[in-house]
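My notes follow in the order I looked things up.

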Amino acid sequence: MLMDRFDNTLNLLMFLVFTGFAVASFVIAAMVREDAYRAADKQTKKFWLILLGVNLALNLLLPGLLFLLIAGLIAAIVFMVDVRPALKQVMGGGGGGGRRGGSSSDGPYGPYNGGR
């Protein structure tokens, strides 16, 4: 009884994590301009939308096929850790944490020179 409950909880948790990651990667891929994919020398936007869309559909329609879910998760991870940073760099969003670019010593009105 306890083991069944644990299995059900683990399956639900995996479903939520995999599906949430699939939704996030699909939405991010859809929001980026087509020319950014070409400029970053990555596969086309259409390729990534199809791949990530199939991943999302499999997550929603066939949650019991763990092998396919893991394959889709790998595709989403590749997008998030390889393609997305390249797209951000091409589009000028290479900074981090909500910054809009510039030096780490830049203030709201330009560079901070430390009172020099």
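**Salt bridges**

I started with Glu34, which comes out partly exposed at 29% relative accessibility. This is a predicted model, so I keep that in mind throughout. I then looked for the partner of Glu34 and found Arg38, with the closest N and O atoms of this salt bridge 3.6 Å apart. Both residues sit in helix 2, and because they are four residues apart, about one helical turn separates them. Arg38 is exposed, at a relative accessible area of 54%.

How many salt bridges does a search of the whole structure find? It finds three. I noted another between Asp35 and Arg33, whose closest N and O atoms are 3.0 Å apart. Asp35 is partly exposed at 35%, and Arg33 is partly exposed at 47%.

I also logged the salt bridge between the side chains of Asp82 and Lys42, at 3.2 Å from N to O. Asp82 belongs to helix 4 and Lys42 to the loop between helix 2 and helix 3, so this pair ties together parts that are 40 residues apart in sequence. Asp82 counts as partly exposed at 37% relative accessibility. Lys42 is partly exposed too, with a relative accessible area of 27%.

**Overall layout**

I stepped back to the whole chain. I count four helices and two strands, running α-α-α-α-β-β from the N terminus on. Of the 116 residues, 22% count as buried. I checked contacts between residues at least 6 apart in sequence: 63% of them join residues at least 24 apart. The protein exposes about 8200 Å², and carbon and sulfur atoms supply 66% of that.

I took helix 4 next. Residues 66–90 make up its 25 residues, and its first and last C-alpha are 35 Å apart, close to the 36 Å expected. Where does helix 4 bend? I find a bend of about 35° at Val83, with Pro85 following within four residues. Val83 is also among the buried residues of helix 4, which include Leu69, Gly72, Leu73, Ala76 and Phe79. The buried residues of helix 4 pack against helix 1, helix 2 and helix 3. Just after helix 4, I noted a positive phi of about 90° at Gly92.

Helix 1 has 30 residues and reaches 43 Å from first C-alpha to last, close to the 44 Å expected. Its buried residues are Phe18, Thr19, Ala22, Ser25 and Ala29. I see helix 2, helix 3 and helix 4 included in what covers them.

Asn55 lies in helix 3. Is Asn55 buried or exposed? I have it as buried, with a relative accessible area of 4%. Leaving out residues up to four places away in sequence, Asn55 touches Ala22, Gly72, Leu73 and Ala76.

Asn59 is found in helix 3. I have Asn59 as buried, at 1% relative accessibility.

**Nonpolar surface**

Last, I checked the surface. I found a nonpolar patch of about 640 Å² made by Leu60, Leu61, Leu62, Leu65, Phe67 and Leu68. Helix 3 and helix 4 each supply at least two residues of this patch. Leu62 lies in the loop between helix 3 and helix 4, and I logged Leu62 as partly exposed at 38%.

Key. Residues numbered from 1 in each chain as written. Predicted model: local features only at pLDDT ≥ 70, side-chain atom pairs only at ≥ 80, totals over all residues. Heavy atoms only, no water. Expected span 1.5 Å × (residues − 1). Bend = angle between axes of the 7 residues up to and from the residue. Buried < 20%, exposed > 50% of the residue type's maximum accessible area, 1.4 Å probe, protein only. Contact = heavy atoms within 4.5 Å. Patch = residues over 30% accessible without salt bridge, like charges linked within 9 Å, V, L, I, M, F, W, Y side chains within 5 Å. Areas by Shrake-Rupley, 256 points an atom, 1.4 Å probe, with all protein chains shown as cover. Salt bridge = Lys/Arg side-chain N within 4 Å of Asp/Glu carboxyl O.
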